[in-house]
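Open the model in a viewer and keep the selection panel at hand.

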Amino acid sequence: MYLEALALTQFRNFAQAKIEPGQTINLITGDNGSGKTSLLESIYCLGFGRSFRPGSYRQLIQHDQSRFTVFARVVEQSGQKHTVGYQRDDVGEVQLRIDSEKEKKFAALARMVPVQLMTPESTELVLGGPKQRRQFIDWGVFHVEHSFYSDWVNFSKILKQRNSLLKMRRFKNEHAYWDEQLASHGERIADYRESYIEGLSDYLSERLKTFLPQYEFTAVLKAGWDRSGTLLDALNKHQEQDLRYGHTTVGPHKAELRIQANGDDVKNILSRGQLKLLVAALKLVQGEYLQRQTGVQCIYLVDDIAAELDEHSQKKFCDALMASNSQVFVSAIDVGILAELFSSADIKMFHVEHGTVKEQ
Ligand SMILES: Nc1ncnc2c1ncn2[C@@H]1O[C@H](COP(=O)(O)OP(=O)(O)OP(=O)(O)O)[C@@H](O)[C@H]1O
């Protein structure tokens, strides 16, 4: 899929802005503080319902205004078009629209706008805690396996209930009911994740052979409990411990994806630039896998491509972005080397200046 039109109202420093992006490479240029990242952020909001930058949603609303709106016309692989709209006001009220109809669930919008983001901070995916990697896997599973979402929502609700009972030490009487529910959703979540990582692994190995050929990579998924037994058994076994800690210590919410290079944690072995290339590989293959499994193409948002990548690495990354045939939005201060890197692509250029954007 791709965005045929994007319109922002009172979003960050944009009072009103409209663009008609190209189907492949879109270069967004402008000085520091002009609004390049904000433009990418607005697209990200359609896919995630929140920003990738720290702070509250209120910071997305233009100063002295009371709401922001992001609107897009989405073209599916089949050629079918839909309009999607996301509005949020300063008291947190959210209005979602798909084809002018009100929509209650953000997941419906997210499904229509699969977005992958690369920023200089994206290395947190491998340097940060396991939650980042669980979110990475879950993005993929959510878009590939549609029944995952209801298991995930139910699991999260029950986990919250179970944890509050554990905290109040009122767990014992009710535990059988909660544990059975939690275990059945949890087992399914683990199965989905396992088969997703299994499917993704071949694509990842291939991509890493080009990106970082000097290393042998492995990606091992730990389910969050010992899967030689059931989750129900693990919950029973850890009940004393859970009561002591006041929360559930086993289950898919404790899953971890361990990525190693030459048998060592990538954190210990790769340079900053190599880590960025690894993360680029992870994000690219998620898009590739999504397309293979569902026929849907995701949108790549790339903020400041040059940061920490040498020219050789930038070329590998840009070549892979072009080969994906997906819609890509790349921000940079000036066109500089980007025009050369993307010279074989059909490029559309936009220039941002003080919250206004013009096609060039
Ligand atoms: N809610 C808001 N209302 C109005 N202006 C805002 C709001 N939030 C941020 N800004 C301003 O919007 C401008 C654009 O920021 P943005 O991060 O998008 O710039 P950029 O072009 O990506 O800059 P850089 O090249 O430095 O990364 C900044 O000057 C910022 O102060």
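The tour starts with the overall fold and then turns to the ligand and the loop residues.

This is a predicted model, in which local features need pLDDT of at least 70, side-chain atom pairs count only at pLDDT 80 or more, and totals for chains, interfaces and linings use all residues. Residues are numbered from 1 along each chain as its sequence is written.

**Whole chain.** Show the cartoon: the chain has 12 helices and 15 strands (DSSP runs, H or I of at least four residues for helices, E of at least two for strands, numbered from the N terminus). The C-alpha trace spans about 65 × 50 × 35 Å along its principal axes. Of the 360 residues, 41% are buried (20 or more other C-beta atoms within 10 Å of a residue's own; exposed means 12 or fewer, partly exposed in between, with C-beta atoms placed from the backbone).

**Ligand.** Next, select the ligand and the 15 residues around it; N13, N32, G33, T37 and S38 come nearest (near means a C-beta atom, placed from the backbone, within 6 Å).

**Annotated stretch.** Select G30, D31, N32, G33, S34, G35, K36 and T37, which the unreviewed UniProt entry annotates as "binding site". Such annotations may be inferred rather than shown by experiment; feature names are shortened and positions follow the numbering used here.

**Two glycines.** Is G33 buried or exposed? G33, in the loop between β3 (25-29) and α1 (36-48), is exposed because 12 other C-beta atoms lie within 10 Å. G35 lies in the loop between β3 and α1 and counts as buried, because it has 25 C-beta neighbours inside 10 Å. Leaving aside neighbours within four places in sequence, G35 is in contact with R12, N13, F14, G30, V352 and G355 (C-beta atoms, placed from the backbone, within 7 Å).

Technical notes. Two residues are in contact if their C-beta atoms, placed from the backbone, lie within 7 Å.
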